[in-house]
Amino acid sequence: MSTKTVRVLVLMCSSRPGARGPAVAEWLAETVAPRAAELGVELVPVALRDLGLPFLDEEDEPASGVYRREHTKRWSATVDAADGFIAVTPEYNYGMPAILKNALDYLGREWAWKPMGFVSYGNTSAGTRSVQHAKQVVTTLRLVPLGATLALRIGDTMENGRVRPDAGRAAIAVGVLDELVRVAHALRPLREQARSQPGPLPGSYVRELTPGDAGEVLVLQRCCWMEEALANDTLAVPALGESLERVGAWLATWHTTGLWQDGRLLGMVRARRVDDDWHVGRLGVVPDLRGRGVGRWLLGRAEAAAEAGCRRFVLRTGAESRRNLALYHAQGYRTESSDGATAFLTKRVPAHEPVPAAG
C-alpha cells in the first residue's frame, strides 16, 4: 500500500436544525481516529450547510470546469484536494437530502475516480434508501461508491443525542474506512492520469515528483543504478546509498519529472539551475522499457524546462557507463573531462529564436 497521506472529507449532509448528523459524524471520527492514524488518513469534517451553496447558480455546466461564483470556487478547491469521502446522511422521503444532491451537482471532474463511503441513519430503514438514491448519482460523476456501509437505526443506537458505544458498530465503521483507503490508493493512477500530460507510451503520463514519492523513487534508483555500479566496478554510486529521507530532501529542491503508468514509476529525470548552467541528472528508466526511447524522451523534457539565461546543459555519469555515454553523445553532449570514475558532459543550450515584430 502507498505511504501517501489520504485526505478524506466527512460530509455532514443534513441542514435541519437539531439534526442528528453532527452527533453521528462526531462518533464516527472518534471511532475511526486510531485506525486513521495507522493508515495515514487525514479526516476533515465538512458540514454542507456551512458551505453557503445556493441551488446551483453557475451559468456554465459543471463539466466545463468554468466557475464564476466564489462559493463554487471554494467548494471546487475543497473537493479537488480530497482523495475520498464519507457521507453521513439521513433519509428524506426515500431519498438523499437536497443539500447533498446540490453539493454533488455543483462540480464535475473534482469528484472523478475517488471513493465514497456512506454512514446513514434514520428510523424504519436506517437511512439505507438515501444511500441507494445517492449511489445512482455518484456513479454518474465517476465517484466509486463502496460496498461497505454502516446504517444506524436511531431508536437502537442513539441515546441523549449521542451514539451509544458498541463494538460491532465500531468494527463496521473501521471497515468502511479500511475499504475507502484501499480503493483510494487503487484509483490514484486514474486521478493522476486525468490531471497530467500524456507520456510517450500508451497509457503513460508525466507529473512532477514530490517528497511524497520518495518511496517509489528509492525503489527505481536501486533498480536502475545497480547496472551502473557493475559497469564501473564500484558500489560508491550516490543513488544506491541514499536513504528514504535523503531522497525526500532532494525531491524538495530539484525539478523532477516522473513517468508513470498504472501507478508504476517507469522513469525519472531531475534538473535545476546552478549559475548559468542547467544541471540534469538521475535519468533512469526501468530495465524492461529500455531501448524504447523513454530515456531520450525524459532527457528532452528536462532540457525543455531549462530556465531563461542558462547557457549550458551539464550532466555526469560513470566513466565506464557506455550505454549512458552513447545516449548522451547521440543527443549532442560532449565529454568535457573525466577523472577515471566520473565523466563530465556538457551541451550548449540552443538560442531562442526572436519573435518577429507585428506588422
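In helix 9 (residues 244-251), Val247, Gly248, Trp250 and Leu251 are buried. Buried here means under 20% relative accessible area, with exposed over 50% and partly exposed in between (1.4 Å probe, protein chains only). Helices (H or I, at least four residues) and strands (E, at least two) are DSSP runs, numbered from the N terminus. The buried residues of helix 9 pack against helix 7, strand 10 (255-261), strand 11 (264-274) and strand 12 (277-285). The model is predicted: local features need pLDDT of at least 70, side-chain atom pairs count only at pLDDT 80 or more, and totals for chains, interfaces and linings use all residues. Residues are numbered from 1 along each chain as its sequence is written, and side-chain values use heavy atoms, with hydrogens and water left out.

Val217 is in contact (heavy atoms within 4.5 Å) with Val247, Trp250 and Leu251, and also with Leu209, Leu265 and Met268, leaving aside neighbours within four places in sequence. Val217 and Val280 have the most contacts inside the largest nonpolar core, which has 45 residues. Such a core is a set of buried Ala, Val, Leu, Ile, Met, Phe, Trp, Tyr and Cys residues joined through side-chain atoms within 4.5 Å. Another core, of 31 residues, lies apart from it; Val8, Ile86, Leu152 and Met158 are among its members.

An open sheet of five strands has parallel pairing and the order 2-1-3-4-5. Strands pair if DSSP finds at least two bridges between them. Strand 2 (41-47) and strand 5 are the edges; each has a single partner strand, so one side of each lacks a neighbour in the sheet. Strand 4 (residues 115-122) pairs with strand 5 in the parallel sense over seven bridges. Phe118 has Thr149, in strand 5, as its bridge partner.

Leu141 sits in the loop between helix 4 (128-140) and strand 5 (144-153). Leu141 is buried, at a relative accessible area of 17%. Leaving aside neighbours within four places in sequence, Leu141 is in contact with Leu104, Leu107, Gly108, Trp111 and Ala112.

Glu303 belongs to helix 10 (residues 294-304). This glutamate is buried, with a relative accessible area of 16%. Not counting residues up to four places away in sequence, Glu303 touches Phe313, Tyr333 and Lys347. A polar contact of 3.1 Å joins the Glu303 and Lys347 side chains. A polar contact is a pair of N or O atoms within 3.5 Å; within protein, one must be able to donate a hydrogen and the other to accept it, and residues adjacent in sequence count only if both atoms are side-chain atoms.
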